[in-house]
Amino acid sequence: RGLLVPLLLLFLWQWVDGAEGFIQSAHGFLARQQSRRTFHQMHSCGATCSRTFKFVDYGESYTGEGPSICADGLVKGAKLHLTHWSGNETPDEYKADLSTEIALRWTKLVDLDEKQKAEYEDAIVLNNHCDTDGILSVWTLLNPEKAVEYEDIMVKAAAAGDFEEWGFSDRGMQLEIAFSKLIEQAGSEAAAYDHILPQVEELLQDVSSREELWGAEMAKLDAELDAVLEGRIRTFRVEDSPSKFSHASGRIGDIGVLEHPLGCDKVQGPVVSRCFPHFVGTEGRGVSRLLLGMEQEGGSYVYSYERPGYAWADTISRPAITKPNVKKILQQLGPKWTAEGVGMTGLCRTTAPITTPPEQLAQELIVLERSLLPRLA
């Protein structure tokens, strides 16, 4: 009854804008009310389980007693790993590309294992950092029944965050940007969980209505993608072929090249992912390397040589991309290249403009990397 009057007022207000707007707003309103009723200081997962969440500072260990689960981040002392971070001990039957996927898989399969289900019914859920994949992994373990309803959009949002993948729908990217904005507003990663967990379901239902959180950043991405679609930023693929250093055993993989004209800033990772998706269903093939060239005065270029955005993680469906011997690559490229400041998936970058054009450099990199592969027996 307490919701009747507010909903009637909401109906009268939304009647002018049509029934669809009313339904979306009513869903959001009810989600906010439900979140406020079920949110506790320790973030209890409600009637279906009694798990709680605890933030552990990065690099610190969890020393509490009883069952514990590290969701996304690797936390020393956690009894069960549900994470895709390198070095994880996640059981093979739960492994997936994203920690959110792993948490969802465990949530479904644990119902078939009565012993494990009982053991972790009141577990402490742990994480040591705050990002979209971390938030959604934690929320899944605290709200297992609800989480399954939002599986598709949560996985898209987690991929947008951890792998900078911008899918064919904008909603996953909108959620990633919204969560990132809310984390920034919270002031600290620990405080961010207090601030964001009660809002997760509302955002999953109707992130499109929260344009104040994602609008500006999405506009930037759209502008960068337009530059690609209109041909101002040239994209092409240089194929790896055994004819290039044919003695080598194995493959490097194709290089996706983005050639930026003079005065055009380097595009962001999500735009790169739209140019060279890792796969589309079972068709086509992704690239193993990315070469981003930015034209400078006089026709020279500065470069960034990278792996795809997911390459840092322990993945199952996305093909693993081994990091090459960057030290040997740098020895061949010369003094204008460095491996410093390239991020988790970067290989190397120029420290000063060079005159080699993008297509020629990509061909040379393929030959160089193939020369470092083991010889055929």
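What does the accessible surface of the chain come to, and what percentage of it belongs to carbon and sulfur atoms?

Analyst: In this predicted model, the accessible surface of the chain is about 18700 Å², and carbon and sulfur atoms hold 52% of it. The chain has 377 residues, 49% of them buried, and its secondary structure consists of 14 helices and 10 strands.

Two or more lining residues come from each of α7, α8, α12 (269-275) and β7 (289-295). By class, this lining is made up of 18 nonpolar, 11 polar and 10 charged residues.

The second largest pocket has a volume of about 530 Å³. It is lined by 30 residues, of which Gly161, Glu164, Glu176, Gln268 and Pro270 are the closest to the centre. At least two lining residues each are supplied by α7, α8, α11 (211-229), β8 (301-306) and β10 (346-350), with α8 giving the most, namely six. The classes here are 11 nonpolar, 10 polar and nine charged residues.

Most residues other than glycine have a negative phi. With a relative accessible area of 37%, Glu164 is partly exposed, because that value lies between the 20% and 50% cut-offs. Asp72 also has a positive phi, of about 80°, without being a glycine. It belongs to the loop between β2 (68-71) and β3 (80-82). Asp72 has 0% relative accessibility and therefore counts as buried, the limit being under 20%.

The largest nonpolar core contains 73 residues, and Trp106, Ile135, Leu197, Val200 and Leu204 have the most contacts inside it. Another core, of 17 residues, lies apart from the largest one and includes Phe236, Val257, Tyr305 and Cys348. Leaving aside residues up to four places away in sequence, Trp106 touches Arg51, Ile69, Leu80, Leu82, Tyr94, Gln116, Tyr120 and Leu141.

Definitions and conventions. Residues numbered from 1 in each chain as written. Predicted model: local features only at pLDDT ≥ 70, side-chain atom pairs only at ≥ 80, totals over all residues. Heavy atoms only, no water. Helix = DSSP H or I, 4+ residues; strand = E, 2+ residues; numbered from the N terminus. Buried < 20%, exposed > 50% of the residue type's maximum accessible area, 1.4 Å probe, protein only. Areas by Shrake-Rupley, 256 points an atom, 1.4 Å probe, with all protein chains shown as cover. Core = buried A, V, L, I, M, F, W, Y, C linked by side-chain atoms within 4.5 Å. Contact = heavy atoms within 4.5 Å. Nonpolar A, V, L, I, M, F, W, Y, C, P; charged D, E, K, R; others polar. 1 Å grid on protein atoms, 1.4 Å probe; cavity = no way out; pocket = protein on both sides within 12 Å on 5 of 7 lines; lining within 4 Å. Points joined across faces, edges and corners; volume = space filled by probe spheres on them.
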